[in-house]
Amino acid sequence: MAQISMEGLGKIYPDGTRAVGDVDLVIEDGEFLVLVGPSGCGKSTILRMIAGLEEISEGKMSIGDLVVNDIPAKDRDIAMVFQNYALYPHMSVFDNMAFGLKLRKMDKGEIKRRVEEAAEVLEITEFLQRKPKALSGGQRQRVAMGRAIVREPKAFLMDEPLSNLDAKLRVQMRTELGRLHSRLKTTTVYVTHDQVEAMTLGHRVAVLKAVTAKRPDNLQQVAPPSELFYNPANLFVAGFIGSPAMNMVNGHLEGSGDQVYAVFGPHRLKVEKKALERHPGIEDHMNKELVLGIRPGDFEDARVAVGGEDRQMEIDVEVTEVLGSETFVHYSLPLAPVVTPEIEELLADSGGDVTTLGDTSRFASRISSDVEVIPGGKATVVVDTAKMHFFDPESGKRIGFRPGAYHTA
Amino acid sequence: MSEREQLIQPVIEEPPAPDEPQSPWMRAGLTVVRFLAAIAVPIVAFTILWLSFEWLREADVNRGVIVLVAVAVGVFGIFALYWAMDFAVNRMPERWRESVRPWVFVGPALVILSIFLLYPAVNTIWLSFLDARSESFVGLQNYGFVFTDDGMLRAIRNTLAWIIVVPSVSVAVGLGFAVLADKLSRGESIAKSLIFLPMAVSFVGASVVFGLIYDFKVFGAQTGLLNGIVQGFDGDPVAWLSQEPWNNLLLMVIMIWMQTGFAMVILSAAIKSVPDDILEAARIDGASELQIFWRVVLPSILSTVVVVMTTMIITVLKVFDIVFVMTNGESGTEVIAEQMIRWFFRNDHDGRGAAIAVVLFLAIIPVMWINVKRFRAEEEIR
């Protein structure tokens with residue numbers, strides 16, 4: 001077990017394209033760190049650089065006290081779980097798991113003990129003599145995990161290990177992975193594009209974005225899941241984390257003292273003091289253009305909300321999604337959508353571009369399922385403005401962002 | 001349905017649905033007309049083909065025209081024949097139609113196979129029990145000859161040596177090239193083309209080339225490459241192809257030179273089909289490049305190695321040209337196929353020639369069987 005640290009890490013391919021830039025990251029001993037981001041954000045490249053499968057073009061990487069820049073993969077003493085499992089097709093499950101140990105000339109009895117122990121933990125004992133071909137996807141995934149576990153390496157690296165499993169199995173394996181980690185406590189770096197996996201598994205989550213000529217750094221924010229949710233560093237993180245995504249709209253703040261209002265289009269919501277406190281320096285942004293962010297969860301239907309007469313919005317309901325425990329209401333505000341480079345990147349990841357936004361701001365709100373909302377009808381929602389987010393429209397950064405502020409606020 | 005299956009699906013032409021005639025007489029008449037058409041059309045088509053063939057043989061015109069007509073008749077004639085047969089099938093009574101159709105399509109191929117493959121094979125077996133002029137039955141006498149004659153025994157011994165040396169050396173060297181070429185960052189295709197090139201040379205051509213290398217002159221200056229080198233080191237020139245038993249090895253070198261490219265191309269494709277992440281997994285598991293090759297890559301491509309080996313063994317069993325051109329089977333370089341030709345055509349002993357052919361045929365069967373089995377197994381993995 002060891003700490004993994006990166007200083008100014010960068011990757012430039014021989015053809016000159018940059019995949020990774022300026023990554024400073026320390027993964028603590030025993031930590032479960034998730035690298036998450038849209039495709040092409042460099043998360044897998046970083047993982048492969050830790051593994052030694054990809055050369056490091058810039059900066060320094062160390063595992064434990066050892067600088068590993070020039071150490072080949074085979075001598076780094078780390079284990080990796082691949083997306084396609086990468087099991088050796090001609091070997092039995094036992095041999096697959098024992099391969100790394102045999103190469104290290106480990107005592108036969110010890111190999112047998114370790115493999116059988118891991119097999120028991122992963123519940124694959126009965127398959128030990130089978131070939132990978134004869135296993136299901138989930139079982140192969142377990143074998144791949146087993147191959148990593150028996151090595152007792154300094155760190156586990158996992159490259160989207162669950163993405164080839166069907167939805168139900170993925171949820172089950174996710175839980176098991178979490179349980180496994182709390183048992184083994186081995187430093188783990190986990191790559192995924194699935195934010196639910198990131199939020200549920202990671203002690204800390206690193207949100208990455210593709211590098212651009214203008215901003216050659218991938219790392220957007222590294223923080224525990226709840227901080228990412230409540231204290232996103234910028235519009236990219238705010239838009240990437242959370243499903244449905246955070247509602248964003250161009251607007252401004254006006255008033256002073258206890259009477260501050262968020263104004264966007266015809267709507268005027270009184271902003272709770274707590275929200276202002278969580279954005280130090282917001283005073284300098286009064287009456288100036290801002291991006292206002294409201295999480296879909298921070299709404300309630302006026303019929304079941306307590307108070308909040310000065311925080312209400314009249315809306316024209318377009319679509320409702322009744323989930324039983326809650327209802328999602330979708331609607332549009334007749335206001336130009338927020339368009340920043342970050343938003344464009346998020347759109348590109350989901351296969352769209354600015355034009356798909358249209359000329360309205362699309363909103364989603366979660367409300368209690370106790371009240372009925374009819375598509376095409378009208379409704380009144382109350383906003384929990386204490387949890388509102390304010391971003392600088394120029395830089396896309398959260399106003400007065402301080403890392404860890406969520407915990408201290 | 002795959003594209004291939006679609007291609008071989010017969011074009012099922014619905015018979016024109018005539019207005020069902022009311023009177024039974026008319027219906028019967030129609031059936032007769034149809035039946036006659038069904039017989040007449042293929043016959044007409046075949047006659048036209050036959051006449052054009054006759055014309056091509058007799059006609060006294062420009063050769064270019066004849067070639068053009070021959071190509072046209074060959075290509076479109078076959079097409080027309082199939083069409084005519086299909087037309088005939090569609091005019092048959094409904095009960096027969098679907099059971100007759102497959103034979104119409106497979107039939108020509110079966111006929112050709114029977115005439116040019118099956119009949120000669122059966123005839124060869126029959127000849128092997130007859131005497132030199134195929135006049136009287138001699139029982140197993142020819143087979144006795146095959147396994148007792150000094151020349152034949154040498155041929156069997158040599159052929160065994162060929163089977164062992166050529167495929168193993170070719171595969172080993174080809175595999176080496178394939179692995180090394182795979183590591184090249186540039187020029188992989190050029191390097192592989194160069195090694196594959198000898199495959200394009202005929203056995204006779206290659207033999208002539210190596211004939212120049214092994215050349216030995218009793219009188220006058222040596223022009224052979226090998227002897228040139230030997231003399232360069234102040235050695236005495238050697239009559240390479242008379243050095244028993246090593247001359248056999250020199251002949252095998254020619255085959256190896258030609259077959260290595262074949263082994264390399266097939267094995268290179270197999271190596272490339274080993275998924276990258278498996279190699280990466282092995283690397284992370286702590287395997288060196290050499291260990292990755294022996295313990296991961298080689299086991300993964302083993303079935304391809306076997307297929308290449310067996311294919312090569314079959315080629316080697318049939319080797320004749322090299323020996324014929326280089327030594328004419330002298331100086332103890334006989335091989336089975338060479339002996340077969342010698343007894344058939346030069347010693348005019350059809351019985352012995354046929355017996356050797358049958359033995360050769362029987363020797364190939366198990367190799368073929370392994371090959372097909374391996375091939376199927378490989379298909380299953382995919």
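What percentage of the 409 residues in chain A is made up of buried residues? From there, please take me to helix α3 of chain B and what it packs against.

Mentor: The model is predicted. Buried residues make up 43% of the 409 residues in chain A. Chain A holds 12 helices and 21 strands, and its C-alpha atoms fill a box of roughly 75 × 45 × 40 Å along the principal axes. Of the contacts in chain A with a separation of 6 or more, 71% join residues 24 or more positions apart.

Now to chain B, which is divided into domain 1 (24-105) and domain 2 (143-381). The centres of domain 1 of chain B and domain 2 of chain B, taken over C-alpha atoms, are 47 Å apart. Helix α3 of chain B runs over residues 63-90, 28 residues in total. From its first C-alpha to its last, α3(B) reaches 39 Å, close to the 40 Å expected at 1.5 Å a residue.

The buried residues of α3(B) are B:Ala84, B:Met85, B:Ala88 and B:Val89. An α-helix has 3.6 residues a turn, so residues three or four places apart point the same way. The partners of the buried residues of α3(B) are α2 (24-58) and α4 (94-127) of chain B. B:Met85, B:Ala88 and B:Val89 also belong to a second, separate core of five residues, which includes B:Ala38 as well.

The largest nonpolar core has 173 residues, and A:Met80, A:Leu157 and A:Val189 touch the most other members. Its largest share, 12 residues, is supplied by helix α10 (residues 246-272) of chain B. Apart from neighbours within four places in sequence, A:Leu157 is in contact with A:Leu47, A:Ile50, A:Ala51, A:Ile78, A:Met80 and A:Val189. In soluble globular proteins, nonpolar side chains tend to be buried together.

The contact between the chains takes 17 residues from chain A and 15 residues from chain B. On the side of chain A that touches chain B, β6 (78-81) and α2 (93-103) of chain A each supply at least two residues. By class, that side of chain A has 12 nonpolar, three polar and two charged residues.

Some backbone details remain. In chain A, the peptide bond from A:Ser243 to A:Pro244 is cis, with omega near -5°; A:Pro244 is found in the loop between α8 (235-240) and β11 (247-256) of chain A. In chain B, the peptide bond from B:Glu244 to B:Pro245 is cis, with omega near -10°, and B:Pro245 is placed in the loop between α9 (225-232) and α10 of chain B.

Positive phi values also occur. A:Glu123 is not a glycine, yet its phi is positive, about 60°. This residue, A:Glu123, is in the loop between α3 (108-122) and α4 (137-150) of chain A. A:Glu123 counts as exposed because 11 other C-beta atoms lie within 10 Å, where the limit for exposed is 12 or fewer. A:Glu152, also a residue other than glycine, has a positive phi near 45° and is placed in the loop between α4 and β7 (155-159) of chain A. With 14 other C-beta atoms within 10 Å, A:Glu152 is partly exposed.

Notes. Residues are numbered from 1 along each chain as its sequence is written. Chains are lettered from A and ligands numbered from 1 in the order in which they are written. This is a predicted model: local features need pLDDT of at least 70, side-chain atom pairs count only at pLDDT 80 or more; totals for chains, interfaces and linings use all residues. Two residues are in contact if their C-beta atoms, placed from the backbone, lie within 7 Å. Helices (H or I, at least four residues) and strands (E, at least two) are DSSP runs, numbered from the N terminus. Ala, Val, Leu, Ile, Met, Phe, Trp, Tyr, Cys and Pro count as nonpolar, Asp, Glu, Lys and Arg as charged, and the others, Gly among them, as polar. Domain bounds come from an automatic or database domain assignment. The expected span of a helix is 1.5 Å times one less than its number of residues. A residue is buried if 20 or more other C-beta atoms lie within 10 Å of its own, exposed if 12 or fewer, and partly exposed in between; C-beta atoms are placed from the backbone. A nonpolar core is a set of buried Ala, Val, Leu, Ile, Met, Phe, Trp, Tyr and Cys residues joined through C-beta atoms within 7 Å.
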